[in-house]
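Good morning, and thank you for making time for this presentation. I would ask you to keep the sequence and the structure in view while I speak.

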Amino acid sequence: MAKLIFAMNQSLDGYVDHLEMRPSPAVSRHFLEQVRAMTGSVYGRRMYEIMRYWDDDLSEWDAEEHDFAAAWRNQPKWVVSRSLKSVGPNATLVADDIEAVIRGLKAQHVGEIEVAGPDLAGSLTNLGLIDEYRLYVHPIVLGRGKPFFAGPRPPLRFVSSDLIDEDVIRLTYVPA
């Protein structure tokens with residue numbers, strides 16, 4: 001059975017904003033290895049549209065960016081949206097009965113399936129489907145934006161912490 005993992009970069013004050021937190025080379029390598037190891041990803045519409053950046057190879061990218069794009073394109077993706085009518089390559093649109101689809105994915109697959117997007121993660125948390133939370137904390141205070149946790153969460157139990165580079169720490173929690 002696969003584990004559903006919600007993992008995102010966040011500021012010290014709990015906000016997510018990919019434009020404000022540029023990854024260091026060490027963090028980029030970490031996420032490349034994470035993507036390679038994932039069984040697949042479940043995206044909300046907004047996060048999927050942001051990640052579609054990796055659909056094309058851009059000439060100005062370095063080798064690591066090309067590697068990340070290739071790994072991302074090869075990974076199965078499930079996109080939860082009622083407004084999208086179609087999705088890109090290696091992606092499946094999930095518009096109805098989200099709970100049944102996600103439970104089916106967890107039952108049919110082995111490994112880790114990443115959840116990307118705080119709103120989607122909030123909905124899946126409310127359904128009791130998130131198995132682990134990975135908070136990548138960056139040393140920046142934004143004071144505004146989209147919070148990592150969209151609404152109240154059930155109690156969590158600390159599992160581990162890992163220093164990803166000299167400035168970014170990953171905190172891992174599971175439902176208590």
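Let me begin with a definition: a residue is called buried when its relative accessible area is under 20%, exposed when that area is over 50%, and partly exposed in between. Please also bear in mind that what you see is a predicted model.

With that cut-off, we may turn to threonine 172. Is threonine 172 buried or exposed? Its relative accessible area is 4%, so threonine 172 is buried. Threonine 172 belongs to strand E10, which covers residues 169–175. Setting aside the neighbours within four places in sequence, threonine 172 is in contact with Glu132, Tyr133, Arg134, Arg157, Phe158, Val159 and Ser160.

One of those partners, valine 159, deserves a word of its own. Valine 159 sits in strand E9, residues 156–163. Valine 159 has a relative accessibility of 41% and therefore counts as partly exposed. Beyond the neighbours within four places in sequence, the contacts of valine 159 are Thr172, Tyr173 and Val174. Between valine 159 and valine 79, which are 80 residues apart in sequence, the C-alpha to C-alpha distance is 29 Å.

What does phenylalanine 6 touch, once its neighbours within four places in sequence are left aside? Its contacts are Val115, Gly117, Pro118, Ala121, Ile130, Glu132, Tyr133, Arg134 and Phe148. Phe6 also forms one aromatic cluster with Tyr133, Phe148 and Phe149.

In H5, the buried residues include Pro118, Leu120, Ala121, Gly122, Leu124 and Thr125. After H5 comes glycine 128, with a positive phi near 75°.

How many aromatic pairs does a search of the whole structure find? The search finds twelve. One of them joins tyrosine 43 and tryptophan 72 in an edge-to-face arrangement, with 6.3 Å from centre to centre and 65° between the planes. Because tyrosine 43 lies in strand E3 and tryptophan 72 in helix H3, this pair ties together parts that are 29 residues apart in sequence. Both tyrosine 43 and tryptophan 72 are buried.

Lysine 106 is placed in helix H4, residues 98–108. With a relative accessible area of 9%, lysine 106 is buried. Leaving out the neighbours within four places in sequence, lysine 106 is in contact with Met1, Ala2, Leu4, Leu129 and Asp131.

Glutamine 34 is found in helix H1. Its relative accessibility is 18%, and glutamine 34 therefore counts as buried. Apart from its neighbours within four places in sequence, glutamine 34 is in contact with Arg134, Tyr136 and Arg170. The C-alpha atom of glutamine 34 is separated by 15 Å from that of valine 110, which is 76 residues away along the chain.

Let me turn to the backbone in two loops. Asparagine 90 is in the loop between strand E4 (77–80) and strand E5 (91–94), and its phi is positive, near 60°, in a residue other than glycine. Asparagine 90 has a relative accessibility of 38% and so counts as partly exposed. Aspartate 97 lies in the loop between E5 and H4, with a positive phi near 45°. At 54% relative accessibility, aspartate 97 counts as exposed.

Finally, the largest pocket. About 1500 Å³ of space lies in it. Which residues lie nearest the centre of the largest pocket? They are Met8, His18, Met47, Ile50 and Met51, out of a lining of 47 residues. The lining divides into 26 nonpolar, ten polar and eleven charged residues. Among the elements that each supply at least two lining residues are strand E1 (3–10), helix H1 (25–37), strand E3 (40–44), helix H3 (63–74) and helix H5 (118–126).

Technical notes. Residues numbered from 1 in each chain as written. Predicted model: local features only at pLDDT ≥ 70, side-chain atom pairs only at ≥ 80, totals over all residues. Heavy atoms only, no water. 1 Å grid on protein atoms, 1.4 Å probe; cavity = no way out; pocket = protein on both sides within 12 Å on 5 of 7 lines; lining within 4 Å. Points joined across faces, edges and corners; volume = space filled by probe spheres on them. Helix = DSSP H or I, 4+ residues; strand = E, 2+ residues; numbered from the N terminus. Nonpolar A, V, L, I, M, F, W, Y, C, P; charged D, E, K, R; others polar. Buried < 20%, exposed > 50% of the residue type's maximum accessible area, 1.4 Å probe, protein only. Contact = heavy atoms within 4.5 Å. Phe/Tyr/Trp six-rings, centres within 6.5 Å; stacked < 30°, edge-to-face > 60°.
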